Amino acid sequence: MVSLLHRSGRRHLLRHRWQSALAILGITLGVAVVLAVELANQSARRAFALSLEQIEGRVSHRLVGVGGTLDENFYRQLRRADGLREIAPVIEGEVVLHGERFKLLGLDPLAERPLRSLLPKLDSLQLRTLMTTPDTVLLPYASAARLAIGTNDRIELEIAGERRSVTVAGIAGDSGTAVPDGLLLADIASAQTLLRMPGVISRIELRLNDDDVRKLAARLPAGMRLERAGRRDSTSRALSDAFQTNLSAMSLLALLVGAFLIYNAMTVSVLQRRAQFGTLRLLGVTRGELFRLLLGETLLIGAFGSVLGLLLGWLLAQGLVTLVARTINDLFFSLRVSSLMVQPLDLFRGGLLGILTTLAATLLPALEAARSEPIVVSRRSELETRAHRAVPWLALAGIVSLLAGGAMLVLFRDGLLAGFVALFLLIIGYSLCVPGGVLLITRALQPLTERFGGIGTRLAVRGISASLSRTGLAVAALTLAVATTLAMGTMISSFRTTVSDWLEQTLQGDLYLSLPERANAAAAAQLISDLHRLQGVRELSMGRSRPLELATGQVRLLALQTASRSHRGFTFKGHTLASLWPRFHAGELLLVSEPYAYREHLQAGDSMTLPTPAGPVEFLVGGVFHDYGTNPGLLVMAMSSYRHHWRDQRISTLGIFLHSGQPWEPTISAIRRLTASFGEGASLAANGEIRARSLALFDRTFTVTRVLRLLVVLIAFVGILSAFMAMQLERSREYATLRATGLTPGELLRLVVVQSALLGLLAGVLALPLGWLMGETLIEVINLRSFGWTLQSLLPLPLLGEALLLALSASLLAALYPALRLSRLPPAAAMREE
Amino acid sequence: MKHLLLLAIALLCGCVEAPPPALSGAPGVPAGWGNEGFLRADRPRAFSFPEDHGPHDGYRSEWWYLTGNLRDRSGRRFGYQFTAFRIALLPQPTPQRGSAWSASHIWMAHLALTDVAGERHHHDERFAREALGLAGAQAEPLRVWVEDWQLSQSAFERPWQLRAASDRFTIELQLAPAHPPRLQGEAGLSRKGRDPGNASYYYSITRLASAGRVRIGDDEFLVDGDSWLDREWSTSALDPDQAGWDWFSLQLDDGSDLMFYRLRDRGGNASPQSAGNLFLADGRRIALRREDVTLTPRRWWRSDDGRSYPVAWTLTLNGPARRFEIEALMDAQLMALSVRYWEGAIEVREAGDRVGHGYLEMTGY
Amino acid sequence: MNATASVNARQLVRVFTEGGAQRRVLDRLDLSIARGERLVLLGRSGSGKSTLLNLLAGIDRPDSGSIEIQGVRLSDCTERSRTLFRRRHIGFVYQFFNLLPTLTVAENIALPLELNGIGRSQASDLIGEMLSLVGLADRAAAFPDRLSGGEQQRVAIARALIHRPALVLADEPTGNLDAETGEQILQLLNRLAESLGQTLLTVTHSRRLARSADRIVTLEQGVIAHESATLAW
């Protein structure tokens with residue numbers, strides 16, 4: 001096309017450099033957030049896949065015990081009697097090192113080779129140390145480098161509440177070979193000792209052909225299951241994927257806000273040049289040429305903003321990846337991401353996304369420009385008439401979109417994708433209704449301002465509906481931006497309140513005593529009777545918690561002997577079976593946590609078969625209780641029933657109910673004396689401490705969401721700033737005319753400021769219902785579908801205030817520059833401008 | 001004798017990856033792995049059986065080494081090898097750790113079958129820790145096992161049983177010693193290096209009447225023939241400059257059995273510690289020193305990895321003047337395992353006539 | 001570039017709908033303009049002058065009737081062809097100058113040349129020549145907002161004529177200028193059109209400005225009310 005046209009376009013962008021810069025900033029932030037989340041997610045996924053690859057190696061199957069462990073002698077049997085060669089025993093446990101969760105893997109170095117190469121080239125001395133010196137571990141290179149730990153260092157591990165000191169026998173791998181970060185490798189004998197798992201191993205990993213599988217499956221003893229590798233942790237992975245999908249969706253929301261802002265900026269830019277486009281059309285520039293000109297201009301902005309966005313996103317991702325990995329690590333499975341894994345494709349996609357978004361956002365303004373008639377005198381009123389005429393149609397489309405979104409939520413009760421599609425339909429639908437809302441509200445306001453307002457105020461309010469083509473759009477963009485921050489805030493705070501309430505409800509005991517796994521049943525029984533005799537102790541509840549391997553993955557089984565108050569610790573979702581607690585105590589019923597029930601479509605009255613050491617036993621689901629603690633599932637049964645079926649008399653936790661009105665201290669010291677013989681593994685905590693710790697963990701896992709929200713707030717702020725500033729600047733000439741006709745600088749200032757503030761307030765107010773709607777959808781639909789959690793939804797007042805403040809402050813700030821500039825400029829000069 | 005080098009390398013690499021290409025450069029003892037606390041074969045000792053068939057845990061390494069020549073009814077010839085190596089991690093048992101997995105020894109086993117007519121040499125290996133009953137050894141009744149491979153005796157003086165199966169082949173043999181154990185070296189003390197402690201305790205049962213079956217894939221062969229058992233334990237044997245060895249065991253039709261090992265230094269020359277014994281049919285022993293035996297390679301075979309092994313030799317005895325022409329039954333009898341070496345069945349001729357058979361082991365090429 | 005137009009408008013009807021009521025702005029209007037002829041169109045506001053101009057420029061289409069310029073039936077063309085026709089064959093001078101604020105004087109004048117694919121070297125000669133003709137050789141690099149109204153209109157004239165269009169349309173070219181400047185501008189326009197042999201149609205409601213025309217046509221209520229070779233007063 002003609003280079004002069006491009007030159008003209010470029011000069012326009014340069015002359016309105018604030019406007020251009022803000023449009024670029026909008027796309028930069030949008031792309032940066034999407035890219036950062038994408039990179040962080042991808043890095044987390046890749047780190048996970050890589051570590052899985054390393055850990056699974058060539059393993060094709062796993063042999064697991066339904067109770068979470070296997071008799072170690074079965075391994076010998078497979079080796080000696082069955083002559084299976086490509087098999088390896090594994091003992092696995094969680095340990096805490098330097099406050100981080102690590103996975104301790106106990107392996108037999110001699111059995112590893114056919115299966116994987118987790119163990120590096122050890123020199124024979126290291127191998128000997130590992131195999132013969134108790135409590136020695138290997139640390140992956142990445143972890144060692146990160147934590148500045150070297151060979152022969154002694155490190156402190158926390159294992160099931162106990163502190164254990166171990167020696168680093170060597171570093172596994174080097175910077176080139178990726179032994180996954182977050183692992184501790186030990187000889188199986190050391191691991192068995194450290195994790196206190198005498199006589200048992202976690203699983204046997206095998207490399208089998210189909211023939212072996214058939215043979216082995218046929219003669220598998222009860223209580224053992226052969227499963228395909230990769231099957232394990234699949235529930236955790238699904239949950240983690242859902243979490244990452246949520247992050248992606250929120251980042252897309254940020255981009256959507258960014259897109260709206262670009263749309264707004266470009267629309268203003270087109271409006272500003274209406275006359276120019278008319279002239280160009282007159283000179284014989286075709287519609288196609290004009291359209292392409294605009295798109296080219298946008299492409300420039302989009303490309304520039306995208307490149308900046310890529311840089312910023314990459315920087316942002318450095319921080320975000322740690323947060324994402326930490327949340328996954330805290331909530332789902334052990335994962336450490338030592339570095340950002342950036343693939344050129346990610347960057348390419350990020351850049352493309354930015355450019356495409358910009359183009360999509362410009363499509364309408366560009367079409368609008370191309371529709372410019374070759375006329376000399378701009379007919380502003382015609383445009384506004386058209387805008388006013390469009391309002392009902394936009395609102396209609398909006399209502400249809402809202403209805404479609406609502407219908408989707410009702411019709412597709414499952415599926416995260418459907419949930420997100422519905423969410424986006426609701427957002428778009430609402431946004432389309434915003435111009436109508438603006439019109440209605442300003443019309444309602446007009447009589448008031450006409451009567452009570454000064455000239456500035458009156459003109460300001462009249463101006464809003466008179467220039468709906470711009471104000472409607474700007475307010476819609478801002479509404480979305482503000483609503484998004486409100487929705488995310490609502491979700492986080494609802495989540496936190498729910499968890500906090502739940503903790504309060506669940507932790508009915510005054511003190512909780514957890515006993516080490518190794519504590520034998522007799523010692524525990526003795527302790528219980530001693531505790532009963534203590535002065536301050538009123539009542540005890542007892543729990544035995546253990547992992548349980550189900551066909552659908554690992555869950556936790558909690559056997560409970562309740563105290564009188566314990567029942568209150570459960571709040572149920574939906575109905576429960578009649579005479580729930582008597583039947584529960586009789587051992588008939590099983591209580592199922594909400595996430596598990598949601599996933600497996602269970603409800604009260606359904607039956608469920610559990611593998612017990614004596615074979616499968618069927619239980620009746622008595623009720624589904626709210627649970628925000630144990631992912632991915634918690635099953636609760638009566639202690640008597642558990643002991644009967646599992647023949648396990650051990651106790652994991654004791655809930656201690658104290659007499660009220662008596663000082664706790666003597667009782668606590670007495671309890672500490674009683675539990676001294678259990679060693680470090682026994683820990684006593686008041687329920688307040690547990691609650692505080694849980695909430696701290698919760699806050700930590702939500703840091704990434706908060707950060708995302710802050711980013712959206714930032715984008716919203718920049719967006720409001722740019723949209724309003726552009727809108728006011730675009731009207732310079734109009735204002736100059738007003739000045740020329742006798743409006744004082746003060747009156748003009750008031751006009752601009754009042755209008756901006758009013759629009760900001762309008763956006764803020766209109767954002768409240770949308771924010772609430774989005775928040776509800778996030779809470780009731782997205783979270784439920786992602787994690788199976790029902791949350792109490794709350795719309796906290798401070799958040800509402802914050803939303804209004806955000807809209808108001810940004811719009812006022814945006815008015816400042818144009819208003820000052822206009823009121824200082826002599827009217828003649830202002831009129832001359834374009 | 002032999003194998004100390006093998007053990008070291010196996011240990012280094014067995015759990016990880018293929019061994020470094022040059023065996024010859026490997027140290028005799030793993031770096032940093034001191035011999036402190038281990039017993040040393042530094043003086044003659046009294047042997048006593050059946051106890052000495054069992055393990056000697058105070059020494060760093062020990063092996064049970066069976067080789068043999070077999071034939072089926074139709075005259076189809078086979079050679080076989082079964083070796084169980086014990087490698088001590090510590091001189092004393094590992095401290096009690098409350099885990100049945102804790103081990104003071106690890107085991108490696110090699111199994112090979114040469115199928116001359118099928119022109120195949122099958123081989124396999126096993127590694128295991130001496131824990132949880134995965135591998136171990138005991139004297140009475142004798143039992144040496146590494147996972148599902150086992151050499152055992154139901155009672156002393158009863159025939160020995162070897163049962164070992166790999167994916168592709170199986171060996172099941174009954175082995176009846178033709179004579180009591182014969183002490184090698186100086187009354188069982190076999191010096192391997194200049195340093196007095198560099199020696200091993202070494203005895204052999206040079207002839208065990210063997211019968212049983214071997215299976216290759218779906219084909220089963222009923223076989224009989226002669227086996228040779230070597231038993232050796234030590235803590236350190238070779239000098240650092242020793243690069244490899246050639247070990248011969250010959251079972252001659254006249255009833256005499258000959259063992260000779262040539263230790264080579266880095267220059268390829270026989271070290272003074274090279275030695276052997278000729279046991280005559282009547283039980284008399286003639287000690288062989290380096291000077292008593294001349295070994296001349298006659299033909300070399302090049303393996304896939306590019307290394308060449310002499311697979312035909314002339315062995316000349318200078319005392320009782322004999323001149324044996326030795327030829328591998330099959331050239332390709334390379335043990336391509338975690339540790340690579342050549343070990344295979346041989347035929348012995350004298351003046352053009354077949355006079356016996358035996359086994360040859362070559363390392364450090 | 002020297003072809004001159006013969007404009008043939010036959011039975012032009014243009015109806016606008018305003019607030020439900022229909023208004024016939026042009027009512028079966030016939031108009032022919034010879035090649036090289038300088039025609040002035042007179043009439044009051046709302047007489048249909050601008051509508052006729054828009055139809056001739058191909059900006060608007062008649063509801064019925066035909067327009068033929070240089071043998072091209074403009075009334076049958078698509079929007080795109082009309083635009084391309086306008087680019088090549090029509091020059092415009094308007095009351096509000098309508099210069100592109102983001103382009104310099106020279107660039108504004110260069111625009112029609114670029115649109116018509118005239119090479120850069122040839123274009124710069126033509127622009128130089130044209131700038132001298134309109135007396136703005138020293139303001140080539142200035143942006144329009146630095147020029148006076150008269151200067152801006154000279155730029156507009158230069159831009160309208162630079163690509164030697166067959167038909168030059170001028171809509172109230174002096175309407176925004178003081179009388180003296182207006183006079184100069186009109187003379188410049190007439191002189192240039194004459195020297196370049198271009199057909200010139202000027203719309204005005206000022207009889208004083210019509211003196212230099214070959215023919216004067218007066219529009220009233222959408223029809224030609226009066227036509228004369230020279231001024232009849």
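Mentor: Gladly, and please keep in mind throughout that this is a predicted model. Let us begin with chain C, whose secondary structure comes to six helices and ten strands.

Trainee: What makes C:Ala166 a buried residue?

Mentor: C:Ala166 has 23 C-beta neighbours inside 10 Å, and the cut-off for a buried residue is 20 or more, so C:Ala166 counts as buried. This residue is found in the loop between H5 and E7 of chain C. C:Ala166 and C:Leu200 are 34 residues apart in sequence, while their C-alpha atoms are 8.7 Å apart in space.

Trainee: How much of chain C counts as buried?

Mentor: Of its 233 residues, 47% count as buried. As for the contacts in chain C with a separation of 6 or more, 71% of them come from residues 24 or more positions apart.

Trainee: Which residues of H2(C) are buried, and which elements do they pack against?

Mentor: The buried residues of H2(C) are C:Arg82, C:Thr83, C:Arg86, C:Arg87 and C:His89. They pack against H1, E4, E6, H3 and E7 of chain C.

Trainee: Why are H3(C) and H5(C) called roughly parallel?

Mentor: Helix H3 (residues 105-115) and helix H5 (residues 149-161) of chain C pack at an angle of about 25°, and their axes are 7 Å apart. Angles under 35 degrees count as roughly parallel, and that makes H3(C) roughly parallel to H5(C). The crossing in which H3(C) passes H5(C) is right-handed.

Trainee: Which residues meet where these two helices touch, and what kinds of residue are they?

Mentor: From H3(C) come C:Val105, C:Asn108, C:Ile109, C:Leu111 and C:Pro112, and they meet C:Val155, C:Ala158 and C:Arg159 in H5(C). The residues of this contact divide into six nonpolar, one polar and one charged.

Trainee: Now for the sheets of chain C. What makes E6 and E10 edge strands?

Mentor: The sheet in question is an open one of six strands in the order E6-E7-E8-E3-E9-E10, and the pairing is mixed. E6 and strand E10 (223-228) of chain C each have a single partner strand, so one side of each is left without a neighbour in the sheet. From one strand to the next, the twist averages 20°.

Trainee: How do you know that E7(C) and E8(C) pair?

Mentor: Two strands pair if there are at least two bridges between them, and here five bridges join strand E7 (residues 167-171) to strand E8 (residues 199-203) of chain C, which run parallel. As one of these pairs, C:Ala170 has C:Thr202 in E8(C) as its bridge partner. Helix H1 (residues 49-57) of chain C packs on the sheet, where H1 touches E3, E6, E7, E8 and E9 of chain C, and its direction makes about 155° with that of E7(C).

Trainee: What is the order of the strands in the four-stranded sheet of chain C, and where are its edges?

Mentor: That open sheet has the order E2-E1-E4-E5, with antiparallel pairing. Its edge strands are E2 (21-33) and E5 (72-73) of chain C, each of which pairs on one side only. Within this sheet, five bridges join strand E1 (residues 7-18) to strand E4 (residues 64-69) of chain C, and the bridge partner of C:Val13 in E4(C) is C:Ser64.

Trainee: How many residues does each chain give to the contact between chain C and chain A?

Mentor: Chain C gives 22 residues and chain A gives 20 residues. On the side of chain C, the elements that give two or more residues are helix H2 (79-89), strand E6 (90-94) and H3. The residues on that side divide into twelve nonpolar, three polar and seven charged.

Trainee: In chain A, how many bridges pair E3 with E4?

Mentor: Strand E3 (residues 87-97) and strand E4 (residues 100-107) of chain A pair in the antiparallel sense over eight bridges, and A:Gly93 stands opposite A:Leu104 in E4(A). These two strands form a hairpin with two residues between them, and A:His98 in the turn has a positive phi of about 50°. E4(A) is also joined by five bridges to strand E8 (residues 183-187) of chain A, and these two run parallel.

Note on methods: Residues numbered from 1 in each chain as written. Chains lettered and ligands numbered in written order. Predicted model: local features only at pLDDT ≥ 70, side-chain atom pairs only at ≥ 80, totals over all residues. Axes fitted to C-alpha atoms, helices over the stretch in contact; angles between N-to-C directions. Parallel < 35°, antiparallel > 145°, perpendicular 65-115°, else oblique. Left-handed = near helix turned anticlockwise from the far one by under 90°. Contact = placed C-beta atoms within 7 Å. Nonpolar A, V, L, I, M, F, W, Y, C, P; charged D, E, K, R; others polar. Buried ≥ 20, exposed ≤ 12 C-beta atoms within 10 Å, placed from the backbone.
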